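Sequence and structure are shown first.

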Amino acid sequence: MDIQIFLIGCLTTLYFILPAYFSNGGALAFGGGTPVDFGKSDKNGVRWIGDGVTWRGLFAGTIIGIITGAIQGYLAPFILPEIGSYLITPIVTDVSNGILIGFLLGFGALLGDALGSFIKRRLGIGRGKPAPVLDQLDFLIVALILVSPVVELNLFFIIIAIVLTLVIHLVANGGAYLLGLKDVWY
C-alpha cells in the first residue's frame, strides 16, 4: 500500500470519528449531577452503571458530537475537493449529513461508555479500576455500530480507527499521568 494513501486513510479516519472523541471528552468536562442509573443497584447491591455516567454528561456530550459533525459538514466543500480522489474511508459530506453522523457517533460513544460501565460492574470491576481494551474501545465500538446503517464502514477503516484510538488513549492518559493530572497511567 502506498504510504500516502495509508496516511490519508489515518487522517480521514481520525477526522471522521472526531464527534465520538469530542463527545466523550465533553461528557467528562460538562458531566456531573444525576447518574443515568439514578443510583439504582441490582439485587446484590451493585450499581447498574455508577456515578460516572450522568444525564448532564449524556446530553452535553451528544450536543458536542452534533456540533462537531455540523462543523465537519460545513468544512466538507473545502476539504473534499483536495482529498476526494484519495478517500478510502467514510467522511462527512455536508451539514445535514454531519449533524446525523455527529449525533450517531456522539450519542453512540456515550452509550458505549455506559455499556462499558455496566459490563465492568457486572464483572465486579469498580469505578476507576482498569478493564484493558474495554476501557479504551467501548465508546468507539458502539459509536461505529450506531453509524453503520448510514455509512459504509470497511475493514481498513475499522482497524485504523481501533489502532488510532488505542494509541491516542495510551498517549493522552500517559501524558496526563506524567503531568500529574491523573493518578494512574491508564
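## Salt bridges

The structure holds four salt bridges. The model is a predicted one. Side chains of opposite charge can pair when their charged atoms come close.

| R47 | D37 | 2.7 Å |

In the pair of R47 and D37, the closest N and O atoms are 2.7 Å apart. Both R47 and D37 lie in the loop between α2 and α3, ten residues apart. D37 counts as buried because its relative accessibility is 8%, and the cut-off for buried is under 20%. D37 and R47 also belong to a network of salt bridges that takes in D51.

Since D135 belongs to helix α5 and K120 to helix α4, the pair ties together parts that are 15 residues apart in sequence. At 22% relative accessibility D135 counts as partly exposed, while K120, at 8%, counts as buried.

## The largest pocket

Where is empty space left in the fold? Rolling a probe the size of a water molecule over the atoms shows where empty space is left. The largest pocket holds about 1300 Å³ of space. Its lining is made of 36 residues, and those closest to the centre of the pocket are N24, L28, D113, D135 and H169.

Five helices each supply at least two residues of the lining: α2 (18–30), α3 (55–83), α4 (95–122), α5 (134–147) and α6 (155–178). Which helix gives the largest share of the lining of the largest pocket? That share, six residues, comes from α4. By residue class, the lining divides into twelve nonpolar, 15 polar and nine charged residues.

## The second largest pocket

The second largest pocket has about 160 Å³ of space. The residues lining the second largest pocket are P130, P132, V133, D135, Q136, L166, H169, L170, N173, W185 and Y186.

Helices α5 and α6 each supply at least two lining residues of the second largest pocket, and the largest share, four residues, comes from α6. The lining of the second largest pocket divides into seven nonpolar residues, three polar and one charged.

Most residues other than glycine have a negative phi. V133, one of the lining residues of the second largest pocket, has a positive phi of about 75° although it is not a glycine. V133 is found in the loop between α4 and α5.

F38 likewise has a positive phi, of about 55°, and is not a glycine. F38 lies in the loop between α2 and α3, the loop that also holds R47 and D37. F38 counts as exposed because its relative accessibility is 54%, the cut-off for exposed being over 50%.

## Surface

A nonpolar patch on the surface is formed by I63, I67, I71, Y74, L75, F78, V95 and I99, with about 760 Å² of accessible area together. Helices α3 and α4 are the elements that give two or more residues to the nonpolar patch, and α3 gives the largest share, six residues.

G180 is found in the segment after α6. G180 is exposed, at 58% relative accessible area. Between the C-alpha atoms of G180 and G84 there are 42 Å, the two residues being 96 residues apart along the chain.

Technical notes: Residues are numbered from 1 along each chain as its sequence is written. This is a predicted model: local features need pLDDT of at least 70, side-chain atom pairs count only at pLDDT 80 or more; totals for chains, interfaces and linings use all residues. Side-chain values use heavy atoms; hydrogens and water are left out. On a 1 Å grid over the protein atoms alone, a cavity is a set of points where a 1.4 Å probe fits but cannot get out, and a pocket is an open set with protein on both sides within 12 Å along at least five of seven lines; lining residues have an atom within 4 Å of a point. Grid points are joined across faces, edges and corners, and a volume is the space filled by probe spheres set on the points. Ala, Val, Leu, Ile, Met, Phe, Trp, Tyr, Cys and Pro count as nonpolar, Asp, Glu, Lys and Arg as charged, and the others, Gly among them, as polar. Patches are made of residues with over 30% relative accessible area and no salt bridge: like charges are joined within 9 Å, nonpolar side chains (Val, Leu, Ile, Met, Phe, Trp, Tyr) within 5 Å. Accessible areas come from the Shrake-Rupley method with a 1.4 Å probe; for residues, only the protein chains shown count as cover. A salt bridge is a side-chain nitrogen of Lys or Arg within 4 Å of a carboxyl oxygen of Asp or Glu. Buried means under 20% relative accessible area, exposed over 50%, partly exposed in between (1.4 Å probe, protein chains only).
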